[in-house]
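Please look through the following structure before reading my comments.

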Amino acid sequence: DRVFYKEPGADATHWHRDDESIDLQNLGVVHTVATWIPLEHMSEQLGTIRYLSGSQVPNSQLPWWQQAIAAVLGWDLTLYTLLPMVIESDLSPGDVSWHHGWLVHSAGANRGSRVRKAYSTTYAYCDDVADDRCAWVNETDPTCRAAAAFFGPEWDGQSGRGRSELVKTDLRSFWDKAGALVVRTVVGAALGLGVYSLASWVAGLRGAGKQE
């Protein structure tokens, strides 16, 4: 459980996936679902929560053409550009916004004159109870022992020190991304030219050998 406060003038929260932030993406069987509950009437100006609709699908399962674009632009810019953004701008106290732990989400900057307050609760679940790592799950004892079952002391210590804040989807400006794209294109073209030249040179040697 957490309470989020955002002071007037505070910047937008970085775009992120909850499961990625706590290193769940490689486990496969454990996922999370989170609530975001406003403690006052929300608006876009106040910095309400927002989602990239459809981003809860693992990157490897997205359409091939999106994966092709991501290979050039990176996943962050690809998802931000191609997927529709849903802004929960009409939430009232008592409303509950749910999101999957793999859904890319953020909270906007607080451009209002008052502190924005919200409450969040996260639930973990196993999608394959036959997996040995889910043996701690049962209907009579709902106590969450996921940390003990899946992670060691090192992970627990990192999480307690704010490790999750280091794993984020960095959505830089368009010009930063455009510059990175130019660099990738130039480097890719140079490597391609080098491979072509090497292949031509090898083919030339083989041709010369046959003539001899």
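This is a predicted model: local features need pLDDT of at least 70, side-chain atom pairs count only at pLDDT 80 or more; totals for chains, interfaces and linings use all residues.

1. Residues are numbered from 1 along each chain as its sequence is written, and side-chain values use heavy atoms, with hydrogens and water left out.

2. The pLDDT, which is the predictor's confidence in each residue on a scale from 0 to 100, averages 75 over the chain, and 66% of the residues score at least 70. Over residues 159–169 the pLDDT is below 50, and in the model this stretch has 15 contacts beyond near neighbours in sequence, where a contact means heavy atoms within 4.5 Å.

3. The chain holds six helices and seven strands, taken as DSSP runs numbered from the N terminus (helices are H or I with at least four residues, strands are E with at least two). Along the sequence these elements follow the pattern β-α-β-β-α-α-β-β-β-β-α-α-α.

4. Of the 212 residues of the chain, 31% count as buried, a word that stands for under 20% relative accessible area, with exposed meaning over 50% and partly exposed lying in between (1.4 Å probe, protein chains only). Among contacts between residues at least 6 apart in sequence, 84% join residues that are at least 24 apart.

5. An open sheet is formed by three strands in the order β4-β3-β6, with antiparallel pairing, and two strands pair if DSSP finds at least two bridges between them. The edge strands, β4 (85–87) and β6 (105–107), each pair on one side only. Three bridges join β3 to β6, and Y51 stands opposite H105 in β6.

6. Where does E40 lie? E40 is placed in the loop between β2 (30–38) and β3 (49–52), and with a relative accessible area of 9% the residue is buried.

7. Which residues does E40 touch, when those up to four places away in sequence are not counted? The partners of E40 are L46, L91, S92, P93, R114, V115, R116 and K117.
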